[in-house]
Amino acid sequence: MSRQVLIDQVSAQSVFGRLLHAHGTLMRAVEARLRAEHGLSANDFETLLLLARAEEGSMRRIDLADGLRLTPSGVTRLLDGLESAGLTGRRDCPSDARVTYSVITDAGREMLRRASCTHAAVCEELIGSHLSPAELDELSGLLGRLPGGEDFD
């Protein structure tokens, strides 16, 4: 293996490490603010966001698990809490009794509306205040080229 290849691999590893550390720092800050101001975890917020963006505000639970990058049992535990709080509900599939849909409620939409303001403020404080608009655009484009980065808008 040439020296140049090793340097490139170390560079990619360094970027990976920076991404992991930045992700952890950002998620802790987002989680702390969402919990303090709205009683939501970051996963709760993302669940409400995915449901609100979905057609008719509902998704199959297995698709929701995939979108959240959680196991089916993990999404079940997550949804149990959101359902208890009245932020989501369940709907059976009329054509397949094995399929269950999660549905965002009006209360869930209102919670998402309020929590989105907090989320936007934290993102601006932690990211936007450190980068110019051009740098934000460039970073977004670069991250969009990584595996999974194209999935988010």
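Reader: Where does the boundary between buried, partly exposed and exposed residues lie?
Author: Each residue is classed by its relative accessible area, computed here on a predicted model. Buried means under 20% and exposed means over 50%. Residues in between are called partly exposed.

Reader: Is D63 buried, partly exposed or exposed?
Author: D63 has a relative accessible area of 32%.

Reader: How many helices and strands does the protein have?
Author: Read along the sequence, the elements follow the pattern α-α-β-α-α-β-β-α-α. The secondary structure comes to 6 helices and 3 strands.

Reader: What box do the C-alpha atoms of the protein fill?
Author: The protein has 153 residues, and buried residues make up 27% of them. The box is taken along the principal axes of the protein. Its dimensions are roughly 60 × 35 × 25 Å.

Reader: What share of the contacts with a separation of 6 or more joins residues 24 or more positions apart?
Author: A contact here requires heavy atoms within 4.5 Å. Among contacts with a separation of 6 or more, residues 24 or more positions apart account for 50%.

Reader: How many salt bridges are counted?
Author: The protein carries 17 positive and 23 negative charges, and their mean positions are 4 Å apart. A salt bridge needs a side-chain nitrogen of Lys or Arg within 4 Å of a carboxyl oxygen of Asp or Glu. By this rule the count comes to 11.

Reader: How many residues apart in sequence are the parts that E125 and R33 tie together?
Author: E125 forms a salt bridge with R33, and their closest N and O atoms are 3.1 Å apart. E125 lies in helix α5 (residues 106-128) and R33 in helix α1, so the pair ties together parts whose separation in sequence is 92 residues.

Reader: Are E125 and R33 buried, partly exposed or exposed?
Author: E125 has a relative accessible area of 41%. For R33 the relative accessibility is 26%. E125 and R33 are each partly exposed.

Reader: Which residue forms a salt bridge with R98?
Author: R98 is exposed, because its relative accessible area is 75%. In its salt bridge the closest N and O atoms are 2.9 Å apart. The partner of R98 is D96.

Reader: Is R61 buried or exposed?
Author: R61 lies in helix α3 (residues 61-68). Beyond four places away in sequence, R61 touches several residues, among them V75, L79, T100 and Y101. With a relative accessible area of 11%, under the limit of 20%, R61 is buried.

Reader: Which residues are linked with R61 in a network of salt bridges?
Author: Two of them, E83 and R90, are also listed among the residues that R61 touches. The residues linked with R61 in the network are D80, E83 and R90.

Reader: Which elements give two or more residues to the nonpolar patch on the surface?
Author: The patch is formed by V15, L19, L139, L143 and L146, with about 370 Å² of accessible area together. V15 lies in helix α1 and is partly exposed, with a relative accessible area of 46%. The elements that give two or more residues are α1 (3-38) and α6 (133-144).

Methods
Residues numbered from 1 in each chain as written. Predicted model: local features only at pLDDT ≥ 70, side-chain atom pairs only at ≥ 80, totals over all residues. Heavy atoms only, no water. Patch = residues over 30% accessible without salt bridge, like charges linked within 9 Å, V, L, I, M, F, W, Y side chains within 5 Å. Areas by Shrake-Rupley, 256 points an atom, 1.4 Å probe, with all protein chains shown as cover. Helix = DSSP H or I, 4+ residues; strand = E, 2+ residues; numbered from the N terminus. Buried < 20%, exposed > 50% of the residue type's maximum accessible area, 1.4 Å probe, protein only. Lys, Arg positive; Asp, Glu negative; His and termini not counted. Charge placed at Lys NZ, Arg CZ, Asp CG, Glu CD.
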